[in-house]
Amino acid sequence: MQLQDITDPNCDPDNPRVVTCDEVVSAYSIIKDNIIRTPCTISRLGCQLNTELYFKKEFMQYTGNFKERGANHAIIRMKERNPGVAGAVSASAGNHASAMAYHGKCLGVPVVVVMPETAPMMKRKLCEDLGAKVILYGTTLSDCKKYGLNYAMRNGMEYINGYDHVDILAGAGTISMEILEDVPDVDVIICPIGGGGLLAGICAYAKGNCDRQPIVIGVETDKCPGFTQAMNAGKPSPAETLPTLAEGLAVPVVGYNSYATAAPLVDQVVVVEEKWVMLAILYLIEYEKAVVEGAGAVGLAAILSGKLDDVVQNKKVVVVLSGGNIDVTVLSRVIERALAADGRLIEMAVTIQDKPTQLPELLKEIAAIGANVVHLEENRAFILSQVWNVEVRLRCEVLGKDMINTLQEKMNAKYGSNFRILENAAIV
Ligand SMILES: Cc1ncc(COP(=O)(O)O)c(C=O)c1O
């Protein structure tokens, strides 16, 4: 198909639309029976962070993310406006795609999802299983968007942008209605920013709702700070993008309607580093028994990083956990890395004499401190010390910074320069 450059009529850079509180209220009346009313519950993690902390658990939606709210709303409104429409088209390899596929199926509306040719098989299969037609095109999401706009025009369908269509924004905003119902005296709401649709919806309701106006904070990853870039430039403009664990937030240019709605209302935008996102994912498993993807965990990551101490301490804070779709192999790597970063997993090398009594003595020393050896390797070939020595590399589970300090003291006293801790990435 010969592709033309088509501007999305619903996301016009020269005429951005500001979403209102009333539009969010109206969206809720349309979608409330079609989505799951997710819990917003207090967390014991708050005691450690000196905050009354609540989590809005959007990862509990049927497809594991909040995008369903916007998808359901946008498809229903599209049918109302244009009953003869042949279906909806979206460009996404992530949560918006599965949300559109699922709600298209529920509402009996054909959905076409355009994904990059490099999209993982699993993501493609998920959308197909949920009833969508999947088209693979190009290598980037802008390629997919161009194809999707052309496909929609030629097939009597409507293109629905996942972070900038006003019906998507209004749908996402319904999260803040539920938050304010469940925690009416909330002081601070914290949410992730990708293309800015979620932040825009939340701001529209939370700031437009007359009684109480909680502080709204948006969080993005340092690997793609699109909203910060837009605020610096005064309009959506491309941010440098690097691979990130929070892949749902990797949108280099935030939405025009999203920016116009959120920029004047948001109180603060925070950029977090990846290590805090990993730690947040680990803590959510440990404290909440919740599996949350990187994009969904950045709100907690921002609190853990200490960047919001002034705003959240001794306050009632709701963090939106927006999605839970993390690959299990990635999850297992994240857990190991986060344990290391949290000072609960360390690696050390000790050079000892290669004699029968030496290794048991070393292990006894470690056990006396309370550390647990989970992996041990002996290295005889690749060391520079005398030939009758062996370097023992040990990975140990420890209880945190205090135990690491004790270990360091005792080992230094016994083994001196023959002992070292390897790549201690602890951030505790
Ligand atoms: C889990 C999750 N959280 C947050 C976001 C960001 O939402 P938005 O693009 O509306 O800013 C996304 C976007 O795909 C997401 O998948």
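Strand β7 (residues 188–192) has five of its five residues buried, so this strand is largely enclosed by the rest of the structure; buried here means under 20% relative accessible area, computed with a 1.4 Å probe and protein chains only. Strands are DSSP runs of E with at least two residues, and helices are runs of H or I with at least four, numbered from the N terminus. Val 188, Ile 190 and Pro 192 point one way from β7, whereas Ile 189 and Cys 191 point the other way. The model is predicted: local features require pLDDT of at least 70 and side-chain atom pairs pLDDT 80 or more, while totals for chains, interfaces and linings use all residues. Residues are numbered from 1 along each chain as its sequence is written, and side-chain values use heavy atoms, with hydrogens and water left out.

Strand β7 pairs in the parallel sense with strand β8 (residues 215–221) over five bridges; two strands count as paired if DSSP finds at least two bridges between them. Within this pairing, Cys 191 stands opposite Gly 218 in β8. Strand β7 is also joined by three bridges to strand β10 (residues 316–321), and these two run parallel. Here Val 188 has Val 317 as its bridge partner.

A further group of four strands forms an open, parallel sheet in the order β5-β4-β3-β6. Because β5 (133–136) and β6 (158–159) stand at the edges with a single partner strand each, one side of each is left without a neighbour in the sheet. Strands β3 (residues 88–91) and β4 (residues 111–115) are linked by four bridges in the parallel sense, with Ser 90 opposite Val 113 in β4.

The ligand is surrounded by 17 residues, the closest being Asn 95, Gly 194, Gly 195, Gly 196 and Ser 322; a residue is included if one of its heavy atoms lies within 4 Å. Polar contacts are pairs of N or O atoms within 3.5 Å. A ligand oxygen lies 2.7 Å from a side-chain N or O atom of Asn 95, and a ligand nitrogen lies 2.6 Å from a side-chain N or O atom of Ser 322. Taken alone, the ligand exposes 390 Å², of which the protein buries 95%, as computed by the Shrake-Rupley method with a 1.4 Å probe.

Across the whole protein there are 16 helices and 14 strands, and buried residues make up 54% of the 428 residues. The C-alpha atoms fill a box of roughly 85 × 50 × 40 Å along the principal axes.

Key:
A polar contact is a pair of N or O atoms within 3.5 Å; within protein, one must be able to donate a hydrogen and the other to accept it, and residues adjacent in sequence count only if both atoms are side-chain atoms. Buried means under 20% relative accessible area, exposed over 50%, partly exposed in between (1.4 Å probe, protein chains only).
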